[in-house]
Amino acid sequence: MKKTTTAALVLSALALAAAAWAGYENLQPAPADGLSLTHDLGDEHVLAGRADSVVTATVVSRSAPVDIDGIPWIDYTVRVADTLKGPLAKGAEAVIRQEADYGPDGTVVAYPADPFLAEGAAHIFATRYSERIGRHVFLDAVHGRVPLTPQAAATWTDAVARQRTD
């Protein structure tokens, strides 16, 4: 009887471990709004193709962090200076949401590769509008927003002209 119980426990543990391993991939977060992260997000042509909007804009204001399911988010109001792609018109204001993190002391901190935006700073933003949250989100934290320089403007103008979604 003791061997049967031990064997049943071992088999149950193995079955549980196998089920957990098989379900591991389902624990990975899904990309926001259908964006596949298998694409090279360092390629501006791909980002431009996947973006709803590519604009040059200046940060007007920053909101206090909002906690959603244990993740702090910062909303920035930006004023569009030029539209390279999408429905955001020159002079329009839009809200762009940025994910943040909590530091060891509980304060809201930026990810190292995704620093907080400064009020008054001009950037090029490649965003996708999320109906679910009613905000624009960066397609990629590192490459979906870059400081506005003449070189960046030329690069993104070309990226929009020759955009692709592969």
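How many salt bridges does the count come to? In this predicted model, the count comes to six salt bridges.

**View 1. A salt bridge joins D43 and R164.** The side chains of these residues, D43 and R164, meet with N and O 2.5 Å apart. The pair links distant parts of the chain, with 121 residues separating D43 from R164. D43 lies in the loop between α1 (2-23) and α2 (44-50), while R164 belongs to the segment after α3 (150-161). D43 counts as buried because its relative accessibility is 14%, under the 20% limit. R164, at 34% relative accessibility, counts as partly exposed.

**View 2. D114 and R145 form a salt bridge.** Here the N to O distance is 2.8 Å. D114 sits in the loop between β6 (108-109) and β7 (122-130), and R145 is in strand β9 (residues 145-147). The two are 31 residues apart and link distant parts of the chain. Both D114 and R145 are buried.

**View 3. R162 pairs with D158 in a salt bridge.** The closest N and O atoms of R162 and D158 are 2.9 Å apart. Is R162 buried or exposed? R162 has a relative accessible area of 52% and is therefore exposed, the limit being over 50%. D158, with a relative accessible area of 30%, is partly exposed.

**View 4. Salt bridges link D75, R97 and R135 in a network.** Side chains of opposite charge can pair when their charged atoms come close. In this view, the network takes in the residues D75, R97 and R135.

**View 5. Strand β3 pairs with β1, with β2 and with β4.** Strand β1 (residues 53-62) and strand β3 (residues 71-85) run antiparallel and are joined by eight bridges. S61 has T77 in β3 as its bridge partner. Strand β2 (residues 66-68) pairs with β3 over three bridges, also in the antiparallel sense, and D67 stands opposite P72 in β3. Between β3 and strand β4 (residues 93-99) there are seven bridges, again antiparallel. R79 stands opposite E93 in β4.

**View 6. β2 and β3 form a hairpin.** Two residues lie between the strands β2 and β3. D69, in the turn, has a positive phi of about 55 degrees.

**View 7. The charged end of R62 sits over the ring of F116.** The charged end of R62 is 4.2 Å from the centre of the F116 ring. As for aromatic pairs, a search of the whole structure finds zero.

Terms used:
Residues are numbered from 1 along each chain as its sequence is written. This is a predicted model: local features need pLDDT of at least 70, side-chain atom pairs count only at pLDDT 80 or more; totals for chains, interfaces and linings use all residues. Side-chain values use heavy atoms; hydrogens and water are left out. Rings of Phe, Tyr and Trp (its six-membered ring) pair if their centres lie within 6.5 Å; planes under 30 degrees apart count as stacked, over 60 as edge-to-face and the rest as tilted. A charge sits over a ring if NZ of Lys or CZ of Arg is within 6 Å of the ring centre and within 35 degrees of the ring normal. A salt bridge is a side-chain nitrogen of Lys or Arg within 4 Å of a carboxyl oxygen of Asp or Glu. Helices (H or I, at least four residues) and strands (E, at least two) are DSSP runs, numbered from the N terminus. Buried means under 20% relative accessible area, exposed over 50%, partly exposed in between (1.4 Å probe, protein chains only). Two strands pair if DSSP finds at least two bridges between them.
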